[in-house]
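Open the model in your viewer and keep the sequence panel beside it. Each stop below says what to select and what is there.

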Amino acid sequence: MHIGKHIINSVLCFFLYSALQAQTTVQGKVVDATHQKPIVGANVLLLGKNTNIILQFAITDTAGFFKISDTTIIMNDSVLVKITALHFQQQVLPINYFQQHKAIALQPVDAELPPVTVKNRFPFIIQNNDTLTYRVKDYQQKDDRTIGDVIKKLPGMEVDANGKIFYNGKAITNFYIDGDNLLDDRYNVATNNIAADMVEKLQVIEHDEPIKVLQKNKLSNRVSLNVALKDKAKIKPIQQAELGAGYRNIYELKFSRLNLSNRNKAIQTFAANNSGTNISNDIIAHNNFSWINDLNDVNTYFLLDQNYVTPPLEEKRYLLNNGMMLNTNNLWKTKNNIQIRCNGYYWNQQQTPQYTNAAAYFLRADTIQYLTHQYNVVNTAGQWVNLQWVNNNQKFYLSDQLFLSSEQNTIQTQLSINKIASVQLLQQNNFSLTNRLYVIKPMLKKGIIEFTAIQTYHQKPESLQLNPAVQDSIFPVNGSSVYNALQTIKNPSLLSYQTLQFRLTGRHVLQNFQVTAAGFWQQLNSAIAIMPYNNMPFVYDSGTNQIHWNQYQFLGSYQLNWIRNRYSVSFSLPFNYQILQFKNSIVYTTDTLNKNLYFNPYAQFTWKVGQEGDVKLTLRNNTQSAQLADLFPGIIIRNYFTLQNNTIPFGEKQQQSISVQFNNKRSIKILFYHVGIDYAQQENNYIINTTLLQNFQKVSHLPYVNTIRQFQMNAGISQYIFPLKTTLSLSGSWQNGNWLQLVNDSLNAYQNHSWQVKLTAYKKLKQAWAFDYACNLNGSISKGLAALSEYRLSQFSWQQNGSIHCFILKQTDCTLKAESYFFHNNNSADTHSLFLDFIIQKNVVGLKTQFSLAIYNLLNNTNFGVYSVNGNMLANSFYALRQRMLLLKATFGL
């Protein structure tokens, strides 16, 4: 028995030994030849030498090791080992190499990734280095008239209510048309007028650098969008007209001419309407990019205002307007690569918004309420011209740009506040002239020198008249309880800015040395005239300012960019020596000087994750001094409700922030997602003091050190769902903030939590149907801390937009749109609004004309209510809406 067992065991051992002897094993380690670090995810292939057929394969682990075992492979010269890894040169070795060596070292290469194309019967995208390409026809629906309609439906893209475009959560910087920058950031005129069927593809360019001299030497974080046109769009100018008229004397007129050839590009439009389409939409500057990053913001805004807040509603619902615009944009290219650009517009518009607001301020021992009714007549006119000459080549860059702008506002408001009637007349003018010279020239072998000079002049006279004034407790008049008040302001300014930079480039290190000298001269002359009904007019002494403000800045910085394989570091250490000279002829007899030296370090660390993602850690410190608008001691009537003055000589705020942002995409799956975390802390040496009185409020800046803290998280995902043939996007954010509030001499701490969730979906339902849906959820909780721990205000809003498109018969489209708004707070009754629109379009091929009939606001809603919460304030606002509207329109080529 025992002998039999031994025989069987011997036979099994024999066969097992024979099998092990016949098995071929190849194992080793793959490392980076430069740093001798393991390479993770390298492909190791066993190939037939003559057939090139893959016999076996393995992938290196986190330690760089691999192991291949196979009984069918013979260890001889007919088998090769091929090793490949991203960003490394491939190696082909004999199979017996690893019998003599334990590791193989691969040389790193800087070669760009080959284009990756994902293509099937569904939509596809192309990833080629830093350029992502969408094929327009894959996402276009039959009712998409312009390229702007298509951009909204692209996975990874988002367009806000003003037409601003975001890619994977980041706003685009430049908008190109066939590679040419015709419009800067005022690109709505292109997205609203370039026909979708004229565009072949849309290209997202990450790390975009339009200046050719800097393309290999500058680390750019910009994201830009290029519209690649079809050949038929370049052959001849495209001219189109839209004529519309409807019930309640509604009209729409629009004429456009597009010349999109390679040598010359032009977009010219004329538009006029009173149908609720804001005539200024085409000229919105989305980025409002400042050329002067190191200086404090130059005061370009008005000091006086209307005290009107727009509702969270589609503008066409509430905009009661009548206006026109002429807009021209031209780009010429010469044979020697020089570009000349001219942009300009003129527009005017009248609006008549009607508004009711009930606001309650909850204090420790009291609640103060204001009930306001407004009927406004707003007349606005504006002119703007941009002239630019550019020479952009590989060895030299020269740009000279001239801006000229002017704006005039006249706003008459019939109002009542807490049943006290008044009329407010606000007049404003804004004139601006700016010239920018920018020169870049390579020097020595690896150096680049840059020079920038900017000169800007602003003039902003304003006046505000109250008939009668409602602030009788501030402006007492003997023998008269009713009087008029007139506030006048003159605020001219001049800015001169010169900077010189030297860039030193290397293979992995980029250095930048910069020096800057800048001067900012500004005046503020303001006065309040009191005009009693039965007394002589006089000037209110405490409402006078005669201020001369001189600001000199001497700046320098050193910036280091280090780039190596999948990592990069950007570090900047700028300093700012600032001299402020402040003289008020009314209050001070001598000049007040303030000298400060600020250091504002900045650092950013970037890690490449996978093939298409990155993680960025950003650290920033920024210290700014107050501007003239924060320092005037004399009272200024900002509007009928707000008076302001300041008692601090010089304000200062210091902000530190840290953020982590993860962006990724998977081109194969048409998937985009991002996650971000931000923390910011701002320390101020002043606090805003608000005094709530019977019919108005008085605001002033007082010296008091306080800190504002804010924490924020955001995330978003967008993907084309192949089985559903749907573009689905989901994004959300959460914010938490702590701050101090000084109201009626009571200092209290507050905390605010808010969150937002947005869902959008665009789907084609077979050939004859399609729908789109958008949902926005918003919530906030504002609560008191310490002694006000029982105080709590909360609100919630739910907005839904959807439309169903039916493509019936031939050349006929029908669309039903619905909008739903729901608002809830813990102190008032809920409000809900529903809007319906119906649009039918018919293409008459014989006439080459599209006719459309639109009925807006089918349910004839006449008002809209909304809640808002801020600190200890709860407001309930109601807006008058445009009534049911019928519009018949024809669109045809010329």
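**Stop one: N706**

Select N706, which sits in strand β41, residues 697-721. Strands here are DSSP runs of E with at least two residues, helices are runs of H or I with at least four residues, and both are numbered from the N terminus. This is a predicted model, in which local features need pLDDT of at least 70, side-chain atom pairs count only at pLDDT 80 or more, and totals for chains, interfaces and linings use all residues. Residues are numbered from 1 along each chain as its sequence is written, and side-chain values use heavy atoms, with hydrogens and water left out.

Is N706 buried or exposed? N706 counts as buried because its relative accessibility is 5%. Buried means under 20% relative accessible area, exposed means over 50%, and partly exposed lies in between (1.4 Å probe, protein chains only).

Now show the side chain of N706 and the backbone oxygen of Y686: the side chain reaches that oxygen at 2.8 Å. Then select what else N706 touches, where contact means heavy atoms within 4.5 Å. Apart from neighbours within four places in sequence, the contacts of N706 are Q682, E683, N684, Y686, I687 and L740.

**Stop two: E450**

Go to E450 in strand β26, which covers residues 447-459. E450 has 1% relative accessibility and so counts as buried. With neighbours within four places in sequence set aside, E450 is in contact with L214, Y438, V439, I440, T499, L500, Q501 and R503.

As for cover, C806 is buried, with a relative accessible area of 14%, and C814 counts as buried at 13% relative accessibility.

**Stop four: a sheet of four strands**

Colour β3, β2, β5 and β6, which in that order form an open sheet of four strands with antiparallel pairing. Two strands pair if DSSP finds at least two bridges between them. Which strands are at the edges? They are β3 (54-59) and β6 (91-94), and each pairs on one side only. From one strand to the next, the twist averages 20 degrees; axes are lines fitted to C-alpha atoms (for helices over the stretch in contact), and angles run from 0 to 180 degrees between N-to-C directions.

Zoom in on β2, residues 43-48, which pairs with β3 in the antiparallel sense over five bridges. L47 stands opposite I54 in β3.

**Stop five: a sheet of three strands**

Next, select β11, β12 and β13, an open sheet of three strands in that order, again with antiparallel pairing. The edge strands β11 (157-159) and β13 (170-171) each pair on one side only. Strand β12, residues 165-167, pairs with β13 in the antiparallel sense over two bridges. Here Y167 stands opposite K170 in β13.

**Last stop: the whole protein**

Zoom out until the whole chain trace is in view. Along its principal axes, the C-alpha trace spans about 130 × 75 × 75 Å. The secondary structure comes to five helices and 51 strands. Of the 894 residues, 47% are buried.

Definitions and conventions: Polar contact = N/O pair within 3.5 Å; in protein donor to acceptor, adjacent residues only side chain to side chain.
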